[in-house]
Every structure is written in structure tokens, then in C-alpha cells.
Amino acid sequence: MSAAEATGPRPLSSRQVTWRRRRASAGRTWRQFRQHAPGVIGLVVLVFFALVAIFAPLIADSTGLSRTQSTGQVLAAPTSQYWLGTDEFGRPVLTLLIWGARVSLLVGLLATLISMVLGTLIGIASGFLGGRIGGLLYRLTEWFLVIPFLPLALVLATLLGGSLYTIGFVIGVTSWPGTALLIRSQTLSIKARPYMERARVLGAGNWHQMSKHVLPNVMPMVFANTTLTVAGAILAETTLSFLGFGDPSRVSWGTMLDSAFSNGALTLGAWWFLFPPGICVVLVVLSFTLVGQALEEIFNPRLRQR
Amino acid sequence: MTQVRDGLARTAAGLGVAAFVLAAALWGSTATAHADTTAPPDAGPTFTIGMTNEVDSFNPFNGIEAESYEAWALMYDYMINYSAKDMSPQPGGLATSWKQSEDGLTWTFDIRTGVTWSDGVALTAKDIAYTYNRILDGGPESATWGSYLLSVTSITAPDDQTVVLELKRPNATLPLLPMPIVPEHIWKDVSEKDVKTYSNEPSGGQPVVGSGPFQLVEGKAGGSTYRFVRNPDYWAGEPHMGEVDMQVYRSEDTLVQALKAGEIDFAEGVTPLQVKSLQGESGITAQEGDSPGFDEIAFNVGSVDLKTGKPLGDPNPAVLDRRFRFALNFAINRQQLATKAYQGAAIPAGNIIPPAYKPWQWDSPADAYAYDPAKARQLLDEAGFKVGGDGWRTLPNGDPIGKLRLFARTDSETSLSTMAFFKEWLKDVQVDSTVVAVESSKLTNIILDGEFDTFSWGWYVEPDPDSILSYFTCAQRGGWSDSWYCNPEYDRLYKEQNSSTVDTERQAIVKQMLQMLYDDAPYLNTVYNQIGEAYRSDRWEGFVPQPDPGGILLFQYGHANYLNVRPVDLSSGGSSSGNGIDGAQVIALGVSGIVLFIGGGLLGSWAGYRRASVDFRE
Amino acid sequence: MSHTIDLTAFDSEDAPAAPPSDEPSRPSRAASWRWFFRKLAGSTATLAFVVVVNFFLFRVINSHPERTLARGRAKTPEQIQAVIDKYGLADPLPQQFLVYLKNIVTLDFGDSYQYSQSVRSLMLDRLWPTLVLVGTSTILSIVIGLWIGTIAAWHRGRKFDTISTTGTITLYSMPEWWLGLILFSVFATGLGPIPRLFPIGKLRSAGIDPWSLDGVIDQAWHLVLPVLTLTLAYLAEYSLIMRSALLDEMGEDYLQTARAKGLRDALVRRRHASRNALLPVVTLVSLNLGFIVSGAITVETVFSIPGLGLLTTDALRIPDIPMLQGTFFVFSAAVVLANLVSNLLYGLLDPRVRV
């Protein structure tokens with residue numbers, strides 16, 4: 001754009017310099033992260049679950065998910081054949097758990113992607129632009145913040161139907177305002193910095209300022225916030241599924257808990273159906289939270305002093 | 001100095017809170033135990049029903065949920081009664097006898113004398129005629145009940161003991177009149193405009209005026225607790241229960257726990273697995289009762305825009321072909337569905353008439369519903385649905401069929417399972433398909449828009465087959481019909497049976513219609529439903545199932561079991577009241593333990609904090 | 001989702017781009033009033049936005065209200081037409097919108113499709129259980145959460161801090177309804193050696209006058225588990241936020257000064273740090289209402305408590321549009337109001353923002 005030309009063409013080496021600088025800063029972040037024990041533990045757990053989700057087809061045969069071809073007894077206690085017992089259709093709970101990791105993580109990541117993109121864009125725009133557009137965006141953010149998340153998500157899920165992708169979409173479009181507010185306040189403080197003043201004086205346009213100066217500066221915060229958002233999104237998926245608004249054709253940890261609850265796992269003492277999915281949710285969400293907090297501490301200088 | 005006072009205050013506050021919680025807990029436990037055991041002796045024991053759905057209206061002209069029908073059955077009387085054996089109408093309600101004129105156009109009912117409303121006013125034939133006329137003259141009242149008075153032209157009460165129905169043409173469904181009779185002296189003040197929002201709930205401590213065995217004293221539509229108190233002067237005899245309470249639980253699990261804990265006496269709608277596990281419990285009887293209903297896989301037989309007659313929606317050409325649908329009848333394994341998808345709580349179904357209604361049942365050939373994929377494949381081949389190069393069948397014109405859309409309802413586990421099975425059976429006969437799960441309310445719209453190939457749902461069937469048969473007539477398309485089935489010959493037979501006044505003649509026509517539905521296959525019936533019910537047999541006895549044997553125990557036609565059931569004679573056993581006190585003591589002990597534990601933890605951490613803070617300062 | 005809300009975001013609107021001056025100057029009376037009205041106008045605008053969106057959102061969900069209204073009953077074309085006329089469904093959209101606006105002003109949300117009664121009276125009946133449940137747990141969780149957070153921050157890195165932070169982060173990562181299920185299965189149904197301690201869900205026993213002494217105790221007895229569930233679920237966030245806000249404050253110069261002056265710990269903590277750290281917490285409490293509503297919905301489901309949350313999920317299944325409009329309005333209005341109050345409170349506590 002014209003704004004980019006105004007600062008004059010840059011030699012290629014300058015980009016290389018930038019990359020080198022970024023690589024160096026990434027290395028620095030990693031070194032700091034490694035010293036943060038809870039963060040590292042969280043990361044290890046996450047890597048474990050990610051591997052399980054990716055290699056699910058190799059670990060557990062997908063025929064174990066079929067309602068029609070199941071071989072086990074109905075809601076049978078754990079045995080050497082079924083390590084975590086079976087569900088109400090005689091399917092092995094362990095298989096469901098492994099494949100459920102896929103759906104839960106996928107929905108969490110999808111929702112986070114949507115939420116981060118929306119949140120970052122709207123946050124930067126509303127913070128930077130000011131005026132009527134900025135005000136309107138701020139009002140929009142506030143409205144989404146005011147409408148209670150769960151009922152709104154339930155309405156949208158009813159409207160769009162319960163498929164994996166719509167659930168991810170629904171969680172994404174309802175969970176961005178937190179990020180947007182955070183990014184907005186960051187943007188406001190960056191906007192007030194002296195070098196932005198210089199850029200403006202040199203004739204940099206809005207687009208240039210936002211993409212070249214604001215965005216790179218808020219990126220670390222976005223990154224730290226992402227992991228926290230994933231945690232929230234996975235919790236949200238579990239809750240939606242538990243209330244019966246999930247994707248009924250796929251197994252996720254949430255739908256497992258839903259069927260445990262609605263088939264009377266409590267009455268039947270089927271703890272193997274009720275506890276493992278919940279524990280997995282807690283572990284994954286906890287790990288994302290720990291990693292997120294570690295990153296936040298590294299990226300947020302105010303927090304780092306402590 | 002401050003420091004010390006601070007610490008003391010904190011300790012005191014902590015102990016105070018702990019003491020308060022402990023006291024409240026003990027008090028609470030004794031209070032509940034108290035409530036369990038000391039009801040006034042003459043009031044009669046309370047029978048508590050747990051269920052998983054709310055009453056949606058106590059106004060008989062508004063509600064549609066089964067729970068509401070049950071509430072009305074307690075509050076009001078009906079003109080006719082139902083047999084326990086097969087729910088056929090019989091005298092024993094407000095009408096003691098009835099007769100039909102030769103031409104079938106006049107029905108005369110003799111009404112019981114000496115029946116009074118709960119406010120002392122006499123219940124006469126006038127009240128009955130009033131109730132029926134409210135329905136007959138249209139408006140909101142006719143929405144629920146209008147179909148029972150089809151072809152009725154006038155309803156009169158020439159005297160207090162007689163009700164006369166005049167008909168345009170004979171109506172075979174009479175005397176099936178399941179409408180609750182409401183008091184004219186109360187309802188005359190409720191205008192047609194207001195009836196839509198008239199709640200018919202107790203107000204100002206005054207129970208709702210009714211004539212049934214119980215009176216509604218507490219409850220709101222959509223609420224979670226409803227209380228009905230015995231009508232001591234009930235004309236058919238005083239009920240043995242002093243009070244009937246209904247409690248709504250949000251899940252079957254909580255429901256069953258409440259039954260096991262003795263908080264409720266009867267659990268309605270228990271899952272099959274729970275029934276099995278409860279059958280081992282002492283003091284509890286659990287069963288799967290036959291309910292007069294069926295589930296089916298329905299096809300889009302041909303959705304059309306009713307105004308223009310043009311095709312509507314986007315049904316797959318395959319399902320529009322009678323031979324295609326009929327062939328699939330042999331591709332589905334009903335037995336496997338009943339054992340796996342329904343966990344054994346269902347009976348493989350033939351057609352739309354449940355087994356209890358024997359006279360109407362069509363004696364189908366032995367292999368009419370056999371699972372025979374080879375036969376299905378052969379029939380499909382013969383009909384021109386040949387297997388194409390990609391291994392899937394094509395339409396007779398050679399175009400690919402594509403994927404059939406199988407609609408399941410997200411709010412029904414069995415419907416989801418049924419479609420999962422159906423998808424695999426279709427694959428066996430080389431037909432590709434995909435399961436689409438939507439909310440019931442959304443599926444209704446999809447059906448009315450004709451945007452489906454097949455779906456899984458079910459119907460509840462009344463003691464008279466007329467209404468379920470009517471759902472397949474052309475006139476019901478866009479209304480009750482969900483398969484868009486339309487066959488002029490079927491319509492002719494429907495009219496014929498509806499005006500037939502001779503039972504055997506009518507039964508013969510109905511069987512002909514059932515054969516027609518079998519051949520045209522708008523529905524593939526899957527199973528007849530069963531409903532899981534469980535009750536405290538250590539406290540209550542005398543349940544009569546409907547249909548008898550094998551039927552459901554409550555939520556029947558009529559209110560017979562609320563008069564049949566009586567408390568078990570406690571003089572022989574008599575341990576249950578002792579349990580309450582034991583329970584209370586155990587509770588108290590347990591709570592004190594927890595409080596001490598938590599209190600100890602808090603104090604411990606506080607002490608730790610004190611130590612730490614001392615360290616910190618030095 | 002409110003779970004991921006970060007506190008640093010909230011001073012954004014009030015704190016202008018320029019860093020606040022070191023010398024806080026008291027704003028003039030006129031400026032304060034202007035500030036107050038601006039806040040009020042902002043809240044009203046948000047609420048108006050909610051009202052407008054409510055109207056259109058639910059019309060999109062259910063494009064055929066007459067089918068919902070008929071609810072599977074005999075549907076002759078005449079009957080459907082009668083329904084359409086009665087509810088004014090054939091009126092042009094702008095006209096329907098005006099009727100809707102007029103009714104909202106009088107808090108009339110129309111009649112429920114599901115229960116054939118006015119939405120307002122149905123909601124009033126359900127308000128009480130939700131208020132008790134949510135109110136009690138919120139107060140308890142704030143008190144306990146702030147207490148834990150304060151102590152943890154003050155003794156950063158020590159045993160109490162480690163244990164409490166681990167515990168609260170774990171609670172924070174737990175779906176509150178799952179926690180409820182676990183508590184339910186242990187304490188309401190009894191597990192192994194643990195006896196059955198509490199009633200199986202619901203708000204009260206049948207046949208007890210809810211306003212008598214026994215009735216009140218009976219209700220308290222029923223509410224122990226749900227309140228415990230929500231308290232544990234909510235307190236996690238409060239204690240974590242209090243801890244980090246306090247740690248933030250403790251880094252400030254004036255506290256070092258205060259300590260250097262020889263002020264005792266407890267005094268420093270109470271007089272200076274805690275009060276300032278409370279500012280972000282106040283904001284969080286109000287913003288958390290959205291999260292609290294979610295908790296009410298799921299916990300009411302687990303414990304069969306007939307509150308507003310259950311009313312909403314039931315209405316969604318039908319879908320009962322007037323009911324949904326009503327509950328959404330109430331939920332949103334509660335959050336908007338809480339936000340306004342916290343903003344005003346913030347202004348009272350910290351005059352700097354009143355510019």
C-alpha cells in the first residue's frame with residue numbers, strides 16, 4: 001500500500017535481520033520458559049495428549065467406536081480386555097477416551113483460532129482507530145461480554161445444528177471479547193509510545209501502523225492468551241456437549257459425560273465411565289492454563305518483576 | 001497488641017462459623033427426619049412420583065405433555081372408563097351406560113347421580129355438555145380435543161342425567177372421549193380469548209375445583225413440585241393415598257437415586273440399564289411396561305406444495321419409489337435393534353398397531369418382517385436399482401443414488417442409534433447414506449418443508465386406531481402426516497372404516513389398510529416401545545398394569561391405579577420408620593466429621609500462616 | 001468466554017492513552033457528573049443493543065413460530081391461520097418490532113409458547129432459587145477466595161501459597177458441573193463407607209411450607225451441595241486474581257516505603273495493598289456474572305433445581321421464543337447493571353478515573 005512506500009523500500013537483508021532478531025527472541029523465551037516448572041509440566045502433558053490425539057487410529061481401532069459392531073457387555077466394569085470398562089453400547093471406554101481427545105482438542109483449537117483472529121482484529125481496530133468505528137467496535141465487544149456466554153452459545157448451537165465444526169465456530173464467535181479487550185488496551189498503550197508518534201509524523205498510514213508496529217507488539221500477548229483461550233474453549237465444548245448440544249455423531253469427552261449422566265452411571269456405579277473423561281478434561285485444561293500463565297509471565301514485563 | 005486481638009478474633013470467628021454450620025446441619029437432619037415420620041395419622045400416607053418432565057399446563061385445554069394428562073386424570077373425571085386389559089372404553093366413568101341409535105347418528109349417555117365438585121356444587125350432565133361444547137365450537141379448546149368430536153353436530157343435556165350427541169354421519173371412534181370434564185360454574189368466567197393463558201392453578205391457598213380423586217393444592221406449570229390431596233368424598237371410594245406428590249428430576253440418575261433413598265415411591269421413565277440394576281434391589285420392583293406406541297423409520301414418499309401441487313423439498317428419487325422402500329423392509333434387523341439400540345427394552349415391531357390392541361392387528365405372513373439382506377438385494381435388483389461401477393447402487397435410469405440423508409433426533413439416544421444401525425444395514429445392500437442429527441423441533445420443520453429422505457421417530461397410539469390411521473391420509477399432508485403418504489384408495493378405506501358401525505366389519509377394513517401400508521412402506525416400523533418404571537414395593541402394593549399383563553403401571557388411560565394402590569401393611573415389617581432416625585444420626589455424625597475436618601484444615605493453615613508471618617518479619 | 005478474561009484489559013476505557021499523572025488530582029464536581037452520565041448512557045446503549053439483537057436473533061432461530069405454537073397438535077389450515085393472527089405473526093416485521101419494544105418497556109415479554117402463561121410470572125417464580133443459589137455461592141466464594149488469595153500472595157512461594165494455588169488452579173480447570181456430579185455421587189448417594197448425607201437434588205422436600213422455619217432449614221439442607229459446588233468453582237478465579245493483583249501492588253514503591261517506615265505486615269496489608277488490589281477484583285466480580293450464569297445453568301441441571309437456568313435450556317429445546325427473550329433480557333440486564341455499579345464503585349474508590 002501507499003503507506004508502505006512512504007517509509008521507503010527496504011533492502012532484503014533488513015528482513016533477514018528481523019528474522020534473526022525474532023529467532024533470537026524465541027530462543028530467549030524458550031530458555032525462560034524452561035525455568036518455569038509448572039509451565040514445563042503443562043507442556044509435557046499437552047504433548048502427551050496431542051500425540052494420543054494424532055495417533056489415535058494407531059493406538060485404538062476405530063471399530064471400537066461403532067455402536068453396531070461393539071462386542072463388550074453393556075456398562076461392564078474394567079477387565080484385562082477393557083481396561084476402562086465399557087459404555088452403554090458395550091464399546092470400550094478407553095477407545096472412546098482416546099478418540100474423544102481428538103474431537104475435544106480439535107474443537108478447542110478451532111474455536112481458539114476463530115476467537116484469536118476476531119479478538120485480535122477487533123481489539124486492534126477498536127483501540128487504534130478510535131472515533132465512531134472504534135466506539136462501535138467497543139460497543140460490540142461490550143455487548144458480547146454482557147450477554148452471558150452459555151445461553152448465547154446454546155442459542156447459536158441450536159441455530160446452526162450440532163456438528164463438530166459448528167460447535168467450534170459457536171465457541172469461537174462467543175469467546176473473542178475477552179481477547180479483544182486485552183488487545184485493545186495493549187494497543188492503546190502502544191499507540192501512546194513515542195516511536196508511533198514518529199511513524200505518524202513520517203506519514204505512516206493507519207494500515208501500516210497497525211500491521212507493522214501494533215500487531216508485532218501485541219503478538220506475544222496474543223500468543224499467551226491463546227493457550228488460555230484453548231483451555232476455556234475445551235471447557236465450553238465439554239459443557240455444551242454435556243447439556244446435549246454437542247455433535248451427537250462423534251465422541252468427545254463432553255458427550256461421554258453426557259451419556260454417562262443420562263444413562264445412569266451414578267446409579268449403576270459405573271465410575272469408569274464418569275471419572276476418566278472428567279479427569280482428562282481437567283488435565284488438559286489445567287495444562288493449557290499452566291502454559292498460558294508461564295507465557296504470560298514471560299511476555300508481560302509487569303508480571304515478570306515478581 | 002493488635003496482632004493478638006486479630007488472631008483471637010479470627011479464631012473465634014472460625015469457630016463460630018463452624019459451630020453455626022454444625023448446628024444448621026444437625027437441625028436440618030432432624031428436620032428432614034421429622035418431616036418423614038410425623039404426618040397426621042388420619043391424613044393417609046403420601047405417594048410421591050418422580051418423573052423427568054414438567055407439567056406444561058394444568059389447564060386441560062392447553063397442555064400436551066404426558067405429565068399434564070396425568071395431572072388432569074387426578075383432578076378430573078371422564079365420561080367413560082378404560083379397561084385395564086386393552087384400554088377399550090367401558091362404563092364406570094361418569095357415564096354408567098350408553099347406547100347408539102340404529103343409524104349410528106345419535107349417542108345417548110346415562111350420567112351418574114350424586115357426584116359433586118370439590119366445592120360442593122353437583123356435577124351433572126350439564127357440565128359434560130358444557131365441556132364438550134367448548135371444544136365443539138372451535139377456538140383453542142378444539143386444538144387438543146376437537147378430533148374426538150369429528151362429525152358431531154350437537155351436544156345437549158336434556159336433563160341432569162343424560163347427555164346426547166347428534167352426528168352428521170356415523171363415527172366409529174365413539175365413545176372414545178378422553179376429555180376431562182370441567183366445572184361449568186368455574187369455567188363460564190373464562191372467556192374463549194383468555195383460555196389460552198388461563199393457568200388453572202391453585203391461588204390464594206384455594207385448591208383447583210375438580211371432581212377427581214385428588215385435588216391440586218400446590219403447583220405451577222413448569223414447576224418442579226406438584227401436590228394433590230385426597231378427595232375424601234370421591235364417588236368411587238376414598239383413595240388409599242392421603243396425598244399424591246409429583247417431583248420433577250432432571251435426569252434418570254437423580255430419579256433413581258431418589259427412589260433408592262426413599263425420597264420418592266415411584267419412578268417414571270427409568271432407563272433399561274437402571275431397570276436391570278434395580279431388579280436386584282430389595283424393597284424395589286422395577287419393570288419395563290408395554291406402552292401403546294411404536295418407533296419407525298419414515299420415508300419421504302412425495303412431499304408436495306399443497307397449494308400448487310408441485311413437488312416440494314428435495315427428496316432423493318430413490319425413496320419416492322415404492323419398490324425401493326419395500327425392499328429395505330428386509331434389510332433392517334429389528335431384533336438386533338431392540339436388544340442393542342434399546343438395550344432390550346423394546347419389542348420388535350411389525351406395524352402401527354401395538355400388540356395390546358389385538359382386534360385391530362393384521363395377521364401378517366410369518367416372514368413379513370424377517371431380516372433377509374439377500375432378499376432385499378434381490379428386490380432392489382429387480383426394481384432396477386443395480387449396483388454401479390463404484391460398488392453403490394444406482395437409480396433405475398443409471399444415475400447414482402448418492403447419499404441418503406438419515407435424520408436422527410439429538411434429544412433421543414434411541415433415534416441416534418437406530419440411524420447408526422440403519423446406515424450400516426444400508427451399506428450391506430450397497431446404498432450409501434449419512435446420518436444427520438437435529439433437534440426434534442427442527443426436524444418438524446424439515447419434514448414440513450420436505451427436505452429429507454428418511455427420519456426416525458415414533459407415535460403414541462390411542463385405544464382406537466382411527467387417529468393413527470388418519471395420519472396417512474392425503475388430507476393430513478402438511479398437518480399430522482410426516483411421510484407425505486397419499487393414496488386415494490387408502491383414503492377411501494379410511495372414510496369407510498370411520499363410518500362403519502359394526503366392529504367386525506370395521507376391523508376387516510383396518511386390516512386391509514394395514515396391508516396397504518405394508519406394501520407401500522411409507523414407514524418401516526422398528527419397535528414397540530416399553531417404558532421403565534420402578535416403585536417401592538416395600539411401601540405400596542396393588543398396581544394393575546395397563547394393558548394387563550405386561551403394561552405400564554402409571555401414566556395409563558384413566559386414574560385406576562390411584563384408587564387401586566394402597567400402602568403395604570406395615571405391622572408385619574415395620575422397619576422403615578426406624579431407618580429415618582438412623583439416617584439422621586448418621587447424617588449428623590458425617591456432617592460433624594466433615595465440619596471438624598474442614599475446620600481443622602482452616603485452623604491448621606491459619607496456624608501455618610501465623611508462623612510464616614512471624615518468619616517473614618524477622 | 002469469561003474464563004479467559006484478563007484483568008489488565010479493564011482499565012482500558014477509563015484510562016486514556018496518556019499514562020496517568022503521578023499527582024492524582026480530584027476532578028471537579030461537574031466533571032464527576034459528566035462522568036456519571038456518560039457511564040449511565042453507555043450502559044443504556046448496551047442494553048438497548050441487547051434488546052434489539054434479542055428480537056432478531058430469535059426470529060432467525062425459529063422461522064416458523066406458528067409450527068412451534070401448534071406443537072404437533074391438530075393442525076388444520078384454519079387453526080394455523082388462527083395462531084398466526086393471534087400472535088400477529090403475519091404483521092410486517094417493523095410493526096412486530098414496535099409491539100415488542102412497547103412490551104419490553106413494561107417488562108412484558110408475552111406468553112410462553114410452552115406453558116401458555118405470561119413469561120414474566122413464570123420467570124418471577126424461577127428467580128428465587130437462582131438468586132439464592134447464585135447469591136450465596138458468589139458471596140461465599142468472594143469471601144473465601146479473597147482470603148485465600150491474600151494469604152497466598154503475602155506468603156508467596158511458601159507452603160500455603162503452593163498448596164492453595166495448585167488447588168485453585170485445578171478447580172479453575174474443572175467443569176463446575178463435573179465437580180457437582182462428583183460431589184453428588186459422593187455425598188448425596190453415598191459412596192463406599194461414606195453415608196448418604198444430603199438430599200438427592202431439588203430445592204426442597206414436598207409438603208413443607210417454604211416460609212416456615214422447617215421449610216427454610218429444609219431448603220438450606222437441599223442447597224448445601226449445589227452451593228458448595230458453585231462456591232468451589234467461583235472461588236478459584238477470585239483467589240487467583242486477588243493473589244496476582246496483590247503481588248502487583250506489592251511491587252509498588254509506596255509499599256516498600258511503608259514497610260521501610262516500620263509498619264507491621266498486617267497493617268500494610270490491610271491499609272494499603274489489599275485496598276488497592278481490590279480495585280481490579282471489583283471489576284472482575286461484575287464481569288464474572290456471565291460465568292456465574294453458566295454455572296447456574298449447569299448446576300441447576302445436575303441438582304434438578306428449578307431456576308432460571310433450567311427455564312432457559314428447556315425453552316431452547318422448544319424453542320420458546322418469548323421465554324428466551326425474557327431470560328436473555330434478565331441475564332443481560334443483570335450483567336449490565338452489575339457492570340455499571342462496579343464502574344461507579346471504581347470511580348468512588350479511585351477518583352482518577354472520573355475524568
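These are questions and answers about a predicted model.

User: Why is Val182(B) called buried?

Analyst: A residue is buried if 20 or more other C-beta atoms lie within 10 Å of its own. Val182(B) has 26 other C-beta atoms within 10 Å, so Val182(B) is buried. Val182(B) is found in the loop between strand E7 (162-167) and helix H5 (184-187) of chain B.

User: What is Val182(B) in contact with, leaving aside neighbours within four places in sequence?

Analyst: With that exclusion, the contacts of Val182(B) are Pro60(B), Tyr76(B), Thr131(B) and Trp187(B). Contact is judged from C-beta atoms, which must lie within 7 Å. The C-alpha atoms of Val182(B) and Pro60(B) are separated by 8.5 Å, and the two residues are 122 residues apart along the chain.

User: How do you know that helix H8 of chain C falls short of a straight helix?

Analyst: H8 (residues 213-250) of chain C has 38 residues, and a straight helix at 1.5 Å a residue would reach 56 Å. The end C-alpha atoms of H8(C) are only 47 Å apart.

User: Where does the kink in H8(C) lie?

Analyst: A kink of about 45° lies at Leu223(C), shortly before the proline Pro226(C).

User: What makes H8(C) "mostly covered"?

Analyst: Of the 38 residues in H8(C), 30 are buried. For chain C, with its 355 residues, 48% count as buried. Chain C has 13 helices and zero strands.

User: Which residues have the most contacts inside the largest nonpolar core?

Analyst: They are Ala153(A), Met79(B), Ile128(B) and Val281(C), in a core of 239 residues. H8(C) gives the largest share of this core, 18 residues. Met79(B) touches several residues beyond four places away in sequence, among them Phe109(B), Ile128(B) and Leu177(B).

User: How many residues of chain B are in contact with chain A, and which element gives the most?

Analyst: 22 residues of chain B are in contact with 19 residues of chain A. Helix H12 (413-428) of chain B is one of the elements that give two or more residues to that side. H12(B) gives the most, with five residues. The residues of this side of chain B divide into eight nonpolar, eight polar and six charged.

Methods:
Residues numbered from 1 in each chain as written. Chains lettered and ligands numbered in written order. Predicted model: local features only at pLDDT ≥ 70, side-chain atom pairs only at ≥ 80, totals over all residues. Contact = placed C-beta atoms within 7 Å. Helix = DSSP H or I, 4+ residues; strand = E, 2+ residues; numbered from the N terminus. Nonpolar A, V, L, I, M, F, W, Y, C, P; charged D, E, K, R; others polar. Buried ≥ 20, exposed ≤ 12 C-beta atoms within 10 Å, placed from the backbone. Expected span 1.5 Å × (residues − 1). Bend = angle between axes of the 7 residues up to and from the residue. Core = buried A, V, L, I, M, F, W, Y, C linked by C-beta atoms within 7 Å.
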